[in-house]
Amino acid sequence: MAEPPISSAAISAAFPAPPPFYKSFTSSNLARLSSLQDSNPSLTLLDLPPELRNLLPPPPPPSNQQYRLFGETHTTPAPPPTETATKEPPNPNRLVQTTRQLLLAFLSLTNSLALDPDTWAPKWDEMKASLSEAHGIVNQYRPHQARETLIQMMEEQIERCRVETQGCKDVCDRVRKVVADVEGGEGLTMSKMKHEEEHWPNVKSKEANLGMGAAEKRVWHIIKQEIGAFD
C-alpha cells in the first residue's frame, strides 16, 4: 500500500505528526473489516481494500525459526541467556573463568587476523559465546543488586529519621531547660511573661525605661543566651 507523502513541515516540526495510517483506524473501517472476515474467514491482506489493510495485525513469528526478507532466508536467533530463567545461584568463579576465556579469545582473534585472516570466523564465534555466557552470569546478580540497593535506601531513610528525631529531642531538651530556668525566677509567672511578650518593642529600651525587676531581667538574660540579643 502506497503511503501518502509526508510534507516537509511535518518532518521539521518539533513534535512530528503521527504516521498517516492511523487515520484508517475508524469505527466504520473496523466494522467493515469484521464484516468481511465473517463472510470470508480465509481473507488475506491483499484481498482487502487499501484503507483496511493497516487494520490487520502482523503475522506471528515463524515456528521453524526461519523467515524470508527481501528474497533471502534468515534464521531467527535463539533467545539470549538474559531471557532464560534459571534457579541456580551465580558462580563468581565461573564469571572470572569466562572473563579470562573472553580475553584469550580476543587475543586469538587478533593473532588470526594478523597471520591468517581467513580463519577469523571460529575465533569470533568463540568470543561471542564467552561474552554471552558472561552476560548471563552477570544478569543472575540482578535480584541481589536490587535487594542490596533497597536495603541501602532503607538504611539511609532510617538514618535520616534518627537524625531528625535526635534533633527534635535536642530542641525539646533546650525548651525544657529554658522553661525550667524561666520558672525558677522569683515572682515570675507564665501569665505575666505572656503579657510582657505582647508588648516588647526592644529588650534594652524596655529594661531601661520600665525598670525591670530581677525576675524579668533573668528572663531576658536567658532569652539572650538562647536566641541572641534584640537590636
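Predicted model: local features only at pLDDT ≥ 70, side-chain atom pairs only at ≥ 80, totals over all residues.
Local features were considered at pLDDT of at least 70 and side-chain atom pairs only at pLDDT 80 or more, whereas totals for chains, interfaces and linings use all residues. Residues are numbered from 1 along each chain as its sequence is written, and side-chain values use heavy atoms, with hydrogens and water left out.

Side chains of opposite charge can pair when their charged atoms come close. Three salt bridges were found in a search of the whole structure, a salt bridge being a side-chain nitrogen of Lys or Arg within 4 Å of a carboxyl oxygen of Asp or Glu. In one of them, glutamate 51 pairs with arginine 32, with 3.2 Å between the closest N and O atoms. This pair links distant parts of the chain, 19 residues apart: arginine 32 is in helix H2 (27-39), and glutamate 51 is in the loop between helix H2 and strand E1 (66-69). Helices (H or I, at least four residues) and strands (E, at least two) are DSSP runs, numbered from the N terminus. Glutamate 51 has a relative accessible area of 31% and is partly exposed; arginine 32, at 38%, is also partly exposed. Here buried means under 20% relative accessible area, exposed over 50%, and partly exposed in between (1.4 Å probe, protein chains only).

A salt bridge also joins arginine 94 and glutamate 133, at an N to O distance of 2.6 Å. Arginine 94 belongs to helix H3 (residues 92-115) and glutamate 133 to helix H4, so the pair ties together parts 39 residues apart in sequence. Arginine 94 is partly exposed at 26%, as is glutamate 133 at 29%.

Buried residues in H4 are Met127, Ser130, Ala134, Gly136, Ile137 and Asn139.

Aspartate 173 and arginine 176 form a salt bridge at 3.3 Å, N to O. Both residues lie in helix H5 (residues 142-183), three residues apart, or about one turn of the helix. Aspartate 173 is partly exposed at 44% relative accessibility, whereas arginine 176 is exposed at 56%.

Phe21, Phe25 and Leu30 make a nonpolar surface patch of about 290 Å². Patches consist of residues with over 30% relative accessible area and no salt bridge; like charges are joined within 9 Å and nonpolar side chains (Val, Leu, Ile, Met, Phe, Trp, Tyr) within 5 Å. Leucine 30 is located in helix H2 and is partly exposed at 45% relative accessibility.

Methods:
Areas by Shrake-Rupley, 256 points an atom, 1.4 Å probe, with all protein chains shown as cover.
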